[in-house]
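Q: Got a model to go through with you. Can we start with the charged side chains?

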Amino acid sequence: MAGKPSGRSPLGEAISARLLITCRDRPGMETVVSGLLNRMGDTILALDQHSNAGYPGYSAGRAAFRRARHDRIVTWGNRTVALGDNRMKPIDSADLEDLSAQAEASHRLRANHNLHDAFTEPVQRMLNAFEPGTCVRPHRHAGPPRWELLLALTGSAAGLTFDRAGTVTERCEITAGGPLYGVEIPAATWHTLVALAPGTVLFELKEGPYQPLTDKAVAPWAPAEGEEAAPAMRQWLENAQMEDRPGPSF
């Protein structure tokens, strides 16, 4: 693990450390991520896992930590819970522009900011910035089944759902200016998102707690991010309509 200098995260949260994590295989990455969540979950601002295209066979991840700033401690049964401070968390246009800039600068063309204080919280709230060209592998949240709500704050995105074979069952395009502002994805439904405009930022709300080992299952018919067929899948998703099926190229 290698540390990076301190900085500022979106919405003004102070970052005390950044880590780049590289492991030889996914089980190794899952072990590291589980350890981080168990030991430092209430100080993690952002955490993601992905395949490392530059080093085939390796799994990589990133974590950003903040200094603890909890004002209230509540004891419930035999558990002690830190609730965080009492201040509201404003979200303004500058915050969204900053997150979009981070997405544009990322090789994955997306960035997120968690509004919840810990992955153990029962309601997970976050901002997700997507740029056209990013590839979100179709997946579902089924262990246990969980829904998610998506609202467009800026830009435009398409939400698609699929059956188990990859046939498109629904397509909804949401836009910050309407007329369709958001969608709720039913629990355990195969789905993905496609950015349709630069500077797209979505507000996402879903059930917690976040469990990295069981949070999502990826569609077996869809190539992973960084694989040779991924660009063809992304192009298909951008235009796919109801009853369309995945092409032979992926």
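Q: Which residues are linked in a network of salt bridges?
A: Arg 108, Arg 110 and Glu 225 are linked that way. A salt bridge here is a side-chain nitrogen of Lys or Arg within 4 Å of a carboxyl oxygen of Asp or Glu. This is a predicted model, where local features need pLDDT of at least 70, side-chain atom pairs count only at pLDDT 80 or more, and totals for chains, interfaces and linings use all residues. Residues are numbered from 1 along each chain as its sequence is written, and side-chain values use heavy atoms, with hydrogens and water left out.

Q: How far apart are the closest N and O atoms of Arg 108 and Glu 225?
A: They are 3.0 Å apart. Arg 108 sits in the loop between helix H2 (93–105) and strand E9 (110–114), and Glu 225 in the loop between strand E18 (217–218) and helix H3 (230–239), so the pair ties together parts 117 residues apart in sequence. Helices (H or I, at least four residues) and strands (E, at least two) are DSSP runs, numbered from the N terminus.

Q: Arg 108, buried or exposed?
A: Buried, at 10% relative accessibility. Glu 225 is partly exposed, at 23%. The cut-offs: buried is under 20% relative accessible area, exposed is over 50%, and partly exposed is in between (1.4 Å probe, protein chains only).

Q: And where does Arg 110 lie?
A: In strand E9. Arg 110 forms a salt bridge with Glu 225, with the closest N and O atoms 3.6 Å apart. That pair ties together parts that are 115 residues apart in sequence.

Q: How many salt bridges does the count come to?
A: Eight. One of them pairs Glu 121 with Arg 125, the closest N and O atoms being 2.6 Å apart. Glu 121 is buried at 18% relative accessibility, while Arg 125 is partly exposed at 24%.

Q: Now the whole chain. How many helices and strands?
A: Three helices and 18 strands. The chain has 250 residues, and buried ones make up 43% of them.

Q: What share of the contacts comes from residues 24 or more positions apart?
A: 67% of the contacts with a separation of 6 or more. Contact means heavy atoms within 4.5 Å.
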